[in-house]
Amino acid sequence: MRRPIRIQNLGGAQAVILHRPHPTVQALTRQLAAIGLRVAQVWPELGAEALGADFVFFDADMGHDEQFPWSPGESPMPMIALIGSEAPGRIEWALRAGAHAQLLKPVGDNGGYSALLIARDAFDAQRALSVEIAGLRRRLDERQTVVRAVAALAAKGKTEAEAYAQLRQMAMAWRVTFEDAAARVVAGLDGGPDERQNRG
Amino acid sequence: MKRRIELGLLYSRSGSYTLIAEACRSGALSAIAQVNADPALDISFVPVERDPGGNVDLYGPLCEEILRDTSARHVIGCVTSWSRKEVIPVLEKLGGTLWYTVPYEGFEASDHVVYTHACPNQHLLPLLDWVMPAHGRRTYLTGSNYIWGWEMNRLAREVVTQAGGEVLGERYLPIGSREVGRMIDEIRFARPDFIVNSLIGPSSYEFLAAYRALGREDAHFTAQNCPVLSCNLTECEFPALGQAAEGLVAAGPYFRGAQDWPGGNFGSSHEAAAFAAVRELARLLHGREGIENAGLPSLLSGAASVVDEKTHHTRLPVLIAQVRGGAFQVVRAQSAVAGDPYLTRGRVAPAPSLRVVS
């Protein structure tokens, strides 16, 4: 189930528009100011100060990777593409650059508010997924450690299921993840610090 | 010598919300008469009227007719949000400005619309601030099945839930429907502390009548115990409501008899807001020949208007009033608050009451 979108916290948020001076920038600035955002226009590239922005609108027609102080697709805030020419190559570039939403040019009287909400929702969802994936990947990488730890505990005369349960209990007692507990058990085997020193 | 300026009027004189449209129209016409008779103003208005007859599909074409076939660039009109949204693309295309004089659900700030009645920080939020401490935080939400009902109830749900309250039910009726039985049944079982009524027209009239009947069976369902709240109901709909209006609590910038509205006495806030719109337009046009053909940004630029240059919303008093003996009596009055259509400008705690009549 999707969570309700956040409509709060737009007041006073900083938007940066990466676009050459143009009526589209004026129209978009008016819309964003009416919504309650602070707006800055920059061209031809985002400076370091853009890292403090809450939203970045960028020109998809004349844009290129070097305009951004981060790697493609790794913006630390939601990004909205300003698309004039709907050519597949430009759309592909805008997507690779990390567009979370788009707004078609010429920008007129509306569209800004939905672009803000959709971009932020997509950004939040993407970030939550990245965190989850990183966690899962780490756990996958630790499979071998877990197997070694369970085997080591089982070697002291327990069944595999008992060893597994014991490792889970250790993790709970130490307040660490299952994988971290396994790493400690294995470190003890390998002549690392005594596991008792790790009790917290 | 006065400049004669054509001014569009786009109100439905038949259909399900005519009482509101007529109230707005009469406020606009009385302001036009006053402007035309005012020797201190160098302009006079010539009304150009079109009647969509309550048919939402006629608003766009008729607005286009006004802007294309006459010299009018400003149009006073529209009652439902639905019709306003139909008109905006036409205004953009032909460079017109709509003065919209009824309460609405917010989340809009068109460069071609002036919003002269209340938006949620001027009606729904103060109303909830008033009702929850006094009556409790368990509510039932009703609404007409279009953007006004949906958005008002979404916001009410958010505010009530954040305050630790509970939404016991939420139900919608198609515009014009009188099938209120199921709502009334649900309310009877849910026994909320208050009801938010975002129904419009005949649905609202039928609902209030049925709720009054329910109150005769069970004293919980009376204004003392479980009031019905409304953000768009004014005196102009009393003729359709009769006794069913008794006890209803509404928020608005003006109620009949309020003293501080410029321009005298009005039958309702709909009338007062339309009057104020025309008067403000006249003030902005006075002494600036040719400005009548310019867009809204130029008209407002440096003009120190009551209309905010960024949002095109107006600063309005916030009154909460209850129908007692056939008339609204103010139960809480807050000083004027700027319209905050996106609810991004923060809210100060309700200002101390200026005047309490109870």
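Q: What does helix H4 of chain B lie across, and at what angle does it run to E11(B)?
A: Helix H4 (residues 124-135) of chain B lies across strand E8 (194-198), strand E9 (228-230), E10, E11 and E12 of chain B, and H4 runs at about 40° to E11(B). The names follow DSSP runs numbered from the N terminus, where a helix (H or I) needs at least four residues and a strand (E) at least two; angles, from 0 to 180 degrees, are taken between the N-to-C directions of axes fitted to C-alpha atoms, for helices over the stretch in contact. This is a predicted model, in which local features need pLDDT of at least 70 and side-chain atom pairs count only at pLDDT 80 or more, while totals for chains, interfaces and linings use all residues. Residues are numbered from 1 along each chain as its sequence is written, with chains lettered from A and ligands numbered from 1 in the order in which they are written.

Q: What makes strand E7 and strand E12 of chain B edge strands?
A: The open sheet has 7 strands in the order E7-E6-E8-E9-E10-E11-E12 (chain B), with mixed pairing. Strand E7 (166-173) and strand E12 (327-338) each pair on one side only, and these are the edge strands. Within this sheet, neighbouring strands are turned by 20° against each other on average, direction ignored.

Q: Why is Val331(B) called partly exposed?
A: Val331(B), whose place is in strand E12 of chain B, has 17 C-beta neighbours inside 10 Å. A residue is buried if 20 or more other C-beta atoms lie within 10 Å of its own, exposed if 12 or fewer, and partly exposed in between, with C-beta atoms placed from the backbone; Val331(B) therefore counts as partly exposed.

Q: How do you know which residues join H6(B) and H7(B), and what handedness has their crossing?
A: Helix H6 (residues 181-190) and helix H7 (residues 201-217) of chain B pack at an angle of about 35°, with their axes 10 Å apart. The crossing is right-handed, a term for a near helix turned clockwise from the far one, as against anticlockwise by less than a right angle for left-handed. Contact requires C-beta atoms, placed from the backbone, within 7 Å, and it is made by Met183(B), Ile184(B) and Arg188(B) of H6(B) and by Phe207(B), Ala210(B), Tyr211(B) and Leu214(B) of H7(B). By class, this contact has 6 nonpolar, no polar and 1 charged residues, where Ala, Val, Leu, Ile, Met, Phe, Trp, Tyr, Cys and Pro count as nonpolar, Asp, Glu, Lys and Arg as charged, and the others, Gly among them, as polar.

Q: How do you know where the domains of chain B lie, and how many residues are in contact between them?
A: The bounds come from an automatic or database domain assignment, which gives domain 1 (3-117 + 260-316) and domain 2 (121-255 + 317-338) of chain B. Their centres, taken over C-alpha atoms, are separated by 28 Å, and 25 residues of domain 1 of chain B are in contact with 29 residues of domain 2 of chain B. On the domain 1 side that touches domain 2, H9(B) gives the most, with 5 residues.

How values were computed. Two residues are in contact if their C-beta atoms, placed from the backbone, lie within 7 Å. Two strands pair if DSSP finds at least two bridges between them.
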